[in-house]
Amino acid sequence: MTLMHRAFFGFLLCFALVAAPAFAGSKGETAEQFVESLGDTAIAMVTDKSLVGEARREEFRKLLNANFDMRWIGQFVLGKHWRRASPEQRETYLKLFEESIVFTYTNQFDAYSGQTFEVTGNSETGRYTVVSSRIVDPANSSSNVLVDWRLIEDDGTFKIVDVVIEGISMGITQRNEYSAVIDGSGGKIDSLLVKMEEILENLRRRA
């Protein structure tokens, strides 16, 4: 299982977050139950073969924005370059960032092959609640994957700000890739936007 596929399954679990019911208990227990429930719901969603094409992408986009702090994540991924970006560049970047996520993951819906999901614990790191979990491949136990979910709570509602797969932060990984593009072009943010447009166009052709 590649890192992309691991990330894909992780995001699919998050995708179902909106359907998770409210829970009572400590903050950590609530976060655990929250993630556990969304895992079960995500599997049901992934196996829904009636959800295809643009309807699939629209549904994914709505749930993504409802449950991820997309502006926070986008700003974190752009890192030090966010402060230098103009308002127009920021707006374009955030739109491309969201569209790239939507096409990347909906293009891989069919990659799901029977994995199950187990929550294994929780911890507090500063302002974040981290829920630990394991994705289990019943056909090959060596392909099992450890996933940590980094959540923030705002007015009693959780938002996902990062997914850490086998110790690798998806946010930091993406930030390093984007920084390499900008730094390699002499610090031009527009170079990243052009690259993101190219990648998005390729994803659209494969949809």
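Me: How does Glu 166 count at 34% relative accessibility?

Reply: Buried means under 20% relative accessible area, exposed over 50%, and partly exposed in between, with a 1.4 Å probe and protein chains only. Glu 166 has 34%, so this residue counts as partly exposed. This is a predicted model, in which local features need pLDDT of at least 70 and side-chain atom pairs count only at pLDDT 80 or more, while totals for chains, interfaces and linings use all residues. Residues are numbered from 1 along each chain as its sequence is written, and side-chain values use heavy atoms, with hydrogens and water left out.

Me: Where is the place of Glu 166, and what is its phi?

Reply: Helices (H or I, at least four residues) and strands (E, at least two) are DSSP runs numbered from the N terminus. Glu 166 is in the loop between β4 and β5. Its phi is positive, about 50°, although Glu 166 is not a glycine.

Me: What is the order of the strands in the open sheet?

Reply: Two strands pair if DSSP finds at least two bridges between them. Here the five strands run β1-β2-β3-β4-β5, with antiparallel pairing. β1 (116–125) and β5 (168–169) are at the edges with a single partner strand each, so one side of each has no neighbour in the sheet. Between β3 and β4 (residues 157–165) the antiparallel pairing covers eight bridges. Leu 151 stands opposite Ile 160 in β4.

Me: Where does Asp 137 lie, and is Asp 137 buried or exposed?

Reply: Asp 137 lies in the loop between β2 (128–136) and β3 (145–154). Its relative accessible area is 12%, so Asp 137 is buried. Contact means heavy atoms within 4.5 Å. Leaving aside neighbours within four places in sequence, Asp 137 is in contact with Gln 115, Ser 143 and Asn 144. Its side chain reaches the backbone nitrogen of Ala 139 at 3.0 Å. The C-alpha atoms of Asp 137 and Thr 116 are 6.6 Å apart, although 21 residues separate them along the chain.

Me: How many aromatic pairs does a search of the whole structure find?

Reply: A pair of aromatic rings is described by the distance of the centres and the angle of the planes. Rings of Phe, Tyr and Trp (its six-membered ring) pair if their centres lie within 6.5 Å; planes under 30 degrees apart count as stacked, over 60 as edge-to-face and the rest as tilted. The search finds six pairs. One of them, Tyr 93 with Phe 97, is stacked, at 5.8 Å centre to centre and 25° between the planes. Both residues lie in helix α5 (residues 87–106), four residues apart, about one turn of the helix. For Tyr 93 and Tyr 178 the centres are 6.2 Å apart and the planes at 80°, so this pair is edge-to-face. Tyr 178 is in helix α6 (residues 170–184), 85 residues from Tyr 93. Trp 82, Tyr 93, Phe 97 and Tyr 178 form one aromatic cluster.

Me: Which residues touch the most other members of the largest nonpolar core?

Reply: In soluble globular proteins, nonpolar side chains tend to be buried together. A nonpolar core is a set of buried Ala, Val, Leu, Ile, Met, Phe, Trp, Tyr and Cys residues joined through side-chain atoms within 4.5 Å. The largest one has 42 residues, of which Tyr 93, Phe 97, Trp 149 and Leu 151 touch the most other members. α5 gives the most to this core, with eight residues.

How values were computed. A polar contact is a pair of N or O atoms within 3.5 Å; within protein, one must be able to donate a hydrogen and the other to accept it, and residues adjacent in sequence count only if both atoms are side-chain atoms.
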